[in-house]
Amino acid sequence: MTDTTASPGTGTVSAEENRARIRKGLARRHRQEAIFRGMGVAAIAAALGFVAILFGMIIFKGAPAFWQATLTAEVYFDPEVIESDPRPVQQEGQSPADYRAELLRWERAVTLSNWNAVVADSIRKLAPDMELERKDALELVTSSVRYKLRDMFVENPDLLGQTVSVSMLGSANTDVWLKGNIDRSLADDRQQLSAATRELADRLAEEGVIRSAFAWHIFTNVDSRSAPASAGLAGAFVGSLYMMLVVIALAVPIGVASAVYLEEFAPKNRLTDLIEVNINNLAAVPSIVFGLLGAAVFINYFKLPLSAPLVGGMVLTLMTLPTIIIATRSSLRAVPPSLRQAALGLGASQTQTVFHHVLPLTFPGILTATIIGVAQALGETAPLLLIGMNAFVANVPATPMDQATALPVQIYLWQGNENRNFFEARTSAAIMVLLGLMIMLNALAIFLRTRLEKRQ
Amino acid sequence: MDTTSQEQTKKFEPPAATAAAAVETATQTGSKTRVSARDVNVHYGEKQALFDVSIDIPDRGVTAFIGPSGCGKSTFLRCLNRMNDTIEGCRVTGKILLDDVDIANPDLDVVELRARVGMVFQKPNPFPKSIYENVAYGPRIHGMTSSKDELDEIVYSSLRRAGLYEEVKDRLDQPGTGLSGGQQQRLCIARAIATKPEVLLMDEPCSALDPIATAIIEELIDELRENFTIVIVTHSMQQAARVSQKTAFFHLGKLIEEGPTEQIFTNPLDKKTQDYITGRIG
Ligand SMILES: Nc1ncnc2c1ncn2[C@@H]1O[C@H](COP(=O)(O)OP(=O)(O)O)[C@@H](O)[C@H]1O
Ligand SMILES: [Mg+2]
């Protein structure tokens, strides 16, 4: 059809006019597209910006906590202070139990020695001209130093009368003072350290006796109230680890089995529809409700112990199950029906079809769902508070039945610590550790997924 | 079942020279009936898809189902290996005898039935596994072999019969999904015949293939009919004319007419059949 001929449908409009109309609208269409693209870019920029601000703030606050004031002092194991009998040796004919009891008695006696005096003396020697009171000297280092010295002595009683250099962690207050996290112009009565200790700290820092050392103990120590400077995440980490293991051991088999049954075997009727709706709803239930449920069922009814990672893991399993079921079902649904037909047509039973052909294809999906579910569970706090996992625990739990806390709960506990000046940075440091773990888990999920998908 | 498959095994290896002669006899004698369906009705939920279909399918040779799209050809084909069981809400009534066994009986073990009645689908659907594993899967799940050598033998001979062996013999461990469409469909045929079925169902096996691949498959079907009872659904009348000895015409869920292919295409009795083959309906 050529220019001026009016086509039947368009009445009297010529082709030229038609083109002009299209052209007129073109500018508007392009503009709309540009606006939409601009909004998309702006939205992404805003989201990334918020993430960057969040991470930036956490790292800015938390990173300094990984370096802590540390000093090395000469410690004299003064025989006049450490009143100790020689360490018992096992006598001929003495039963091991008796020997152990005697050893324990000796250790107790050693502990009763005035270790604070030993610590204070070694600090005083760092600044002999200052004539420090014992209290002021002790304030400089964290209170767990005395246990460190005691343990050294119990390990090796020959130290009596000797002088050895020992690395000591500065107290939380010293750390705060030296990092400038407290206003130096505050009046004496509002300072955490006495005037003498502040002067001592400044002087030793200037002389290079007090250094800033990497705080490995954040990863190896458990939480501590009496010696906040030495508080670490090891207990919470192991607690979280146990819970993750419980979640994996329970949620994966139960979740995958339910998903496979519902998707591949169950008759499609009212009941299964109802179950499906309920599973989807479960995924949206606030986590604290699962905590209440766990407290009522696992603890009150089944009498499982409070604060135990086993119970925590079971509660988190309830939370993770819907995620795993939904993800597994959607990856089952993504398997082409032609594959099932192929297997069934060859005479494979339903079970063989599912296990030989369908499930292997969904493996990457299930794995990713599991890792993401576990990562979610790792960051969950509220339900754990309701089953007592916010208790202060000063041990690394040896089994999933022992009292423990978890990483996010530890963050919550530190965030609420009264010593804000010190724990603010420590809290951010713990958040960094948790985020690091999450990022590692998610990266693992992506890595495994791409690898498995490539192999197929 | 045991005796039948042994018989089948023997029949599997006819001397090449006499093969053509054997076919000749089979088709000329009209041969005995292998599958006989009586008053088959199929419903999908409320909707009835097949109405009182009765037909005899002869042993050996190719029977073609033709008819416009949606007339129920695939539905009826699926009755023959009970694949309709896998469709939610599908109900089949009537009698379908395979060697005097009513395969429409709900108590029948479909696993055994499907080992006897193989199926090739419209779209090639190899397993995402190696070529070897694709063919070995059926014999393996049915426990048909007792040694690796025996299994190898079945895999190789099935591939050979499907005319694929020469093309893939150097890459049996490569994924079957990496083959071309036509090769994939021949792989699916090899996979289906590896379980030594007595009946082979094919639902528009060439509709996803190009003309050259189609020609190869048609040739293959022509060879396979020596040893298998083949039922093929096709929307191409030329294909039905080329490969089948018997043709059945379906329309709106009813079997309108059936008979020797030649007669259906040259001298149909029913007006609807005539309209269809002359291109006036469908
Ligand atoms: N899975 C199914 N669910 C519901 N209706 C179906 C299903 N499969 C086929 N049908 C219906 O049954 C009739 C016959 O279909 P089909 O056997 O696939 O026809 P053909 O293979 O001859 O094209 C059609 O009307 C179709 O809509
Ligand atoms: Mg069809």
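In the predicted model, strand S2 (47-58) and helix H3 (73-79) of chain B each contribute at least two residues to the shell around ligand 1, helices (H or I, at least four residues) and strands (E, at least two) being DSSP runs numbered from the N terminus. The largest share of this shell, four residues, is supplied by H3(B). Because the model is predicted, local features need pLDDT of at least 70 and side-chain atom pairs count only at pLDDT 80 or more, whereas totals for chains, interfaces and linings use all residues. Residues are numbered from 1 along each chain as its sequence is written, chains are lettered from A and ligands numbered from 1 in the order in which they are written, and side-chain values use heavy atoms, with hydrogens and water left out.

The residues around ligand 1 (those with a heavy atom within 4 Å of it) include Tyr44(B), Lys47(B), Ala49(B), Lys73(B), Ser74(B), Arg78(B) and Ile87(B). By class, the shell comprises four nonpolar, five polar and three charged residues, where Ala, Val, Leu, Ile, Met, Phe, Trp, Tyr, Cys and Pro count as nonpolar, Asp, Glu, Lys and Arg as charged, and the others, Gly among them, as polar. A polar side-chain atom of Tyr44(B) is placed 3.5 Å from a nitrogen atom of ligand 1, while a polar backbone atom of Cys71(B) lies 3.3 Å from an oxygen atom of the ligand. For Ser74(B), an N or O atom in the side chain is 2.6 Å from an oxygen atom of ligand 1. Taken alone, ligand 1 exposes 550 Å², of which the protein buries 64%, as computed by the Shrake-Rupley method with a 1.4 Å probe.

Between the chains, 16 residues of chain A are in contact with 21 residues of chain B, contact meaning heavy atoms within 4.5 Å. About 1500 Å² is buried between chain A and chain B, with carbon and sulfur atoms giving 65% of that area; buried area is the accessible area (1.4 Å probe) that two parts lose on being put together, summed over both. The count of salt bridges between these chains is zero, a salt bridge being a side-chain nitrogen of Lys or Arg within 4 Å of a carboxyl oxygen of Asp or Glu. On the side of chain A that touches chain B, helix H13 (337-345) and helix H14 (350-378) of chain A each give two or more residues, and H13(A) provides the largest share, seven residues.

Over all chains, a search of the whole structure finds 33 salt bridges. Asp175(A) forms a salt bridge with Lys179(A), the closest N and O atoms being 2.9 Å apart.

Key:
Polar contact = N/O pair within 3.5 Å; in protein donor to acceptor, adjacent residues only side chain to side chain.
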